[in-house]
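Subject: The structure we talked about

Hi there,

Here is the structure I promised to pass on. Have a look at it first, and then read my notes below.

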Amino acid sequence: MHRKMKGILSLVTLLLIYHLLTVFKVYNPYVLPPLKDIFFSLIELIKDRSIFFNVAISLKRVFLGFSISFLLACSITILEYINKRISSYYDWFLQFMRNIPPLSLIPLLILWFGIGEAPKLLIIILASFFPMYLNFQKGLSSCDKKLIEVGLVFKFSKKKIFFKIILPNAVPDILVGLRLGLGYSYRAIIGAELIAASQGLGYMINFAKSMARIDIVIVGVVIIGLLGYLCDYIFKRLTIYDRNKRFN
């Protein structure tokens, strides 16, 4: 059976099981609302356009924080490539911060920066920076030395060796870092919005929970999953494209 058909079959099976659980009232309808209620809630959110507004707010936060993390990871990695000894000044701090869950810092960030955009962006940066930084670092440091020697034989400058040999060789690791970083960004922003936000998907879910609208909670969770899946799929296709380009 084709891979896509298997995926569709598993989705239909999951929906059927959910429907049967609601029909036979295995769980309280408050806990497990019927599919039709979830569908009508989605239509309601589309009609009043609140779903588009909250999605746009969350995506803006994700991509802004993700972009800042990308620039930081690139800058630090290139700096380390130019001067390998410089990392000894800050490596201890990065290792320390890497082991702290970003969401555990929310109370401190709210105290220091209030409940505006700054704490949310910082949470995204802390969550997405390290996957990108570590993979960028791996990509630049794992280049085959024989390729560099070939460049030296052809009298390439250091700049040309970097852009023509080392950077193209690092692309697979860079794409993996971007893919992981974006995934962590989604997890972080939804967690941050659940705790301290007045807009966004996380806020929408938290507000719906307080109003006992579990149907809207499920709509929000599904939309988050779909957005994350779409972005991950794009990076996956880019990785496959890069791999095919290398071997063809």
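This is a predicted model: local features need pLDDT of at least 70, side-chain atom pairs count only at pLDDT 80 or more; totals for chains, interfaces and linings use all residues.

Let me start with the record. An unreviewed UniProt entry lists a transmembrane region at residues 7-27, 62-82, 94-115 and 216-235. I looked at two of these spans in the model. Residues 216-235 are 100% helix and 0% strand, with the end C-alpha atoms 29 Å apart.

Next, the serine. Ser 69 is part of helix 3, which covers residues 50-82. Is Ser 69 buried or exposed? Its relative accessibility is 0%, so Ser 69 counts as buried. Leaving aside residues up to four places away in sequence, Ser 69 touches Ile 124, Ile 125, Ser 128, Phe 129 and Met 132.

Phe 129 brings us to the rings. How many aromatic pairs does a search of the whole structure find? The search gives 9. In one of them, the ring centres of Phe 129 and Tyr 133 are 5.3 Å apart and the planes meet at 10°, so this pair is stacked. Both residues belong to helix 6 (residues 117-141), and because they are 4 residues apart there, about one helical turn separates them. Phe 129 has a relative accessibility of 6% and therefore counts as buried. Tyr 133 is buried as well, with a relative accessible area of 2%.

Tyr 203 and Phe 207 also form a stacked pair, because their ring centres are 5.9 Å apart and their planes are at 25°. These two sit in helix 9 (residues 201-210), 4 residues apart and so separated by about one helical turn.

Finally, two places where a charge meets a ring. The charged end of Lys 160 sits over the ring of Phe 156, at 4.6 Å from the ring centre. Arg 187 lies over the face of Tyr 184, 5.3 Å from the centre of that ring.

Best wishes

Technical notes: Residues are numbered from 1 along each chain as its sequence is written. Side-chain values use heavy atoms; hydrogens and water are left out. UniProt positions are given in the numbering used here, feature names are shortened, and annotations may be inferred rather than shown by experiment. Buried means under 20% relative accessible area, exposed over 50%, partly exposed in between (1.4 Å probe, protein chains only). Contact means heavy atoms within 4.5 Å. Rings of Phe, Tyr and Trp (its six-membered ring) pair if their centres lie within 6.5 Å; planes under 30 degrees apart count as stacked, over 60 as edge-to-face and the rest as tilted. A charge sits over a ring if NZ of Lys or CZ of Arg is within 6 Å of the ring centre and within 35 degrees of the ring normal.
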